[in-house]
Amino acid sequence: MFLGLDSSTQSLKAVIIDPMTGTIVSRAAVQFASDLPEYPAAFSPSGDPLEKHADPRLWLAALDLLFSRLRDTGAPLDRVIGIGGSGQQHGSVYLNADAAAVLASLDAGRSLVDQITPVFSRATSPIWMDSSTSSQCADLTDAIGPLLQTNTGSPATERFTGPQIRKFSQQNPSAYAATTRIHLVSSFMASVLTGSHVPIDYGDGSGMNLLNLHTLTWDPDILAATAPGLLDKLPPAVPTHTVVGKLSGYFSKYGFAPGVPVVAWTGDNPASLIGTGAARPGLAVVSLGTSDTFFAALDPYRIDPDGCGHVFGNPAGGFMCLTCFKNGSLARERIREEAGVDHAFFDVTAFELTPAGNDGQLALPWFEAEITPPVLTTGLHANFDFTAAAPATRIRAIVEAQMLSMRVHSRWIGDFDTIRVTGGASRSNGILQTLANVFQAQVETIAVPDSAALGAAMIAAHVVSGHGYDALTSAFAPATQSYRPGPAAAPVYAAAMTTYLDLENSVHHLG
Ligand code: XUL
């Protein structure tokens, strides 16, 4: 059996799969807001609303809590023979010179938080929701020019780890100097599991603006422009298909067998590429989570001419492309709550009460600074009187604008006949039918909503025991429902696209 973990923005999830029987044996989750409210998951240490950090003790406490829940509910942890994982992308963890010794001698009688807290050289971890590094991005663009995007797959990007490291090194040079190891959330979690500093995989490493995707090594010129002495602080970069260590004896208390291999952790989106069965080019995936993302395997390597999309390593080899929309499910939830309606109304009824195209009424819910397109002016931007409109009209205006934005900003990747959808909002018939109509593509849902944790378990099964991805996909990620595009909707959304672009451009001007 194989364990997949996903340390995301709002939760830590576990999935245990048994490829011999094709069954999901156990699932468990720790919800950060309700289970561990003492450790904030997204806050601003300085008060700047563009800054978003997490308390890294959260991830340690969540790991102990998740494993104790799995043990207490009788999950067969003793039969796990490989562990994989994924983390929210771009977030970084800063450790001092004592970290290696502390990780290597974890005492099962004490908690991870107690033991590891003293080795953080930075008390907080910037996460992917942070957009406070515009000036560091400008520095990197000035220093490296277009080669930054050509080589790393992304232009200088606020939430990416390189600009975040630069900001830390400028604002707190002594704490930066005391930092001997900088991990991503993914490699940090894998380091805790193995009790040693482990490498960063290409999938998540490409979300740093530091990894040269042509050489698959840290780019010396970009590192030099980012922060002093950075190479010595970074773990090596390796393919995702690498066993990075064995499970630390600390975790025996939860019932694990000794020495279980731990496979390199990757980013949540690269893991979802595997977990949705989209490792090969041809299928696109829309993940409707805290952020909405659109991604697909990419062959050959190419970059977004508009500079909004990214290229990451594909865990199965080669590359994937991704476009990220920050205002995803949290924005939808806020609109639903403000409208005073339940999920059934939001997911279904609102779409029955309103026509496709919403009579041209669109609204962009950019309550947080948006990533795609990059807009720092927060707020709701509508082309009609939003507050006076009926709840159903407001809901369709938001969902259609989100889907049209996805269509516009993923055009560089190409057209797809089939899109697979994952994440919490993939339960909404209204959203799925709208997606099918806007893209004029078949939309499929899959059996498991937590596709990142599933993908991590599939990666572990592939690397440790040689299970093929095709067989794993048919067993664990079959399509369960499909939505066909309505041909009558094609001209409606072709016209809506123009209306959408007018709205987006008008907000950009506020910019
Ligand atoms: C991707 C991104 C987000 C996070 C969410 O670039 O920033 O999707 O990975 O966890």
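Start by selecting Thr 161, which is in helix 7 (residues 161-171); helices (H or I, at least four residues) and strands (E, at least two) are DSSP runs, numbered from the N terminus. The model is predicted: local features need pLDDT of at least 70, side-chain atom pairs count only at pLDDT 80 or more, and totals for chains, interfaces and linings use all residues. Residues are numbered from 1 along each chain as its sequence is written, and side-chain values use heavy atoms, with hydrogens and water left out.

**Thr 161 and Ser 92**

Thr 161 is buried, at 0% relative accessibility. Buried means under 20% relative accessible area, exposed over 50%, and partly exposed in between (1.4 Å probe, protein chains only). Show the contacts of Thr 161, leaving aside neighbours within four places in sequence: they are His 90, Ser 92, Leu 184, Gly 207 and Met 208. Contact means heavy atoms within 4.5 Å. For a distance check, pick Gln 10: its C-alpha is 20 Å from that of Thr 161, and the two residues are 151 apart in sequence.

Not counting residues up to four places away in sequence, Ser 92 touches Ser 125, Pro 126, Thr 161, Ile 182, His 183 and Leu 184.

**The nonpolar cores**

Now select Leu 210, Trp 218, Phe 294, Ile 419 and Leu 435, the residues with the most contacts inside the largest nonpolar core, which has 85 residues. Such a core is a set of buried Ala, Val, Leu, Ile, Met, Phe, Trp, Tyr and Cys residues joined through side-chain atoms within 4.5 Å. Helix 16 (residues 391-409) supplies the largest share of this core, ten residues. Another core, of 68 residues, lies apart from it and includes Ala 14, Leu 66, Val 93 and Leu 247.

Return to Trp 218 and display what it touches beyond four places in sequence; among these residues are Ile 200, Met 208, Leu 210, Leu 231 and Pro 235.

**Helix 17**

Select residues 429-439, which form helix 17; nine of its eleven residues are buried, so this helix is largely enclosed by the rest of the structure. The buried residues include Gly 430, Ile 431, Leu 435 and Phe 439. Gln 440 follows helix 17 and has a positive phi, near 50°.

Most residues other than glycine have a negative phi, and most peptide bonds are trans. Two asparagines come next. Asn 209 has a positive phi, near 60°, in the loop between helix 10 (202-205) and strand 10 (211-212). Asn 358 has a positive phi, near 50°, in the loop between helix 15 (343-352) and strand 20. Asn 209 is buried at 1% relative accessibility, and Asn 358 is buried at 1% as well.

End with two cis peptide bonds. The bond from Asp 299 to Pro 300 is cis, with omega near 0°; Pro 300 sits in the loop between strand 17 (292-298) and strand 18 (310-313). The bond from Thr 372 to Pro 373 is cis, with omega near -10°, and Pro 373 lies in the loop between strand 20 (363-366) and strand 21 (379-382).
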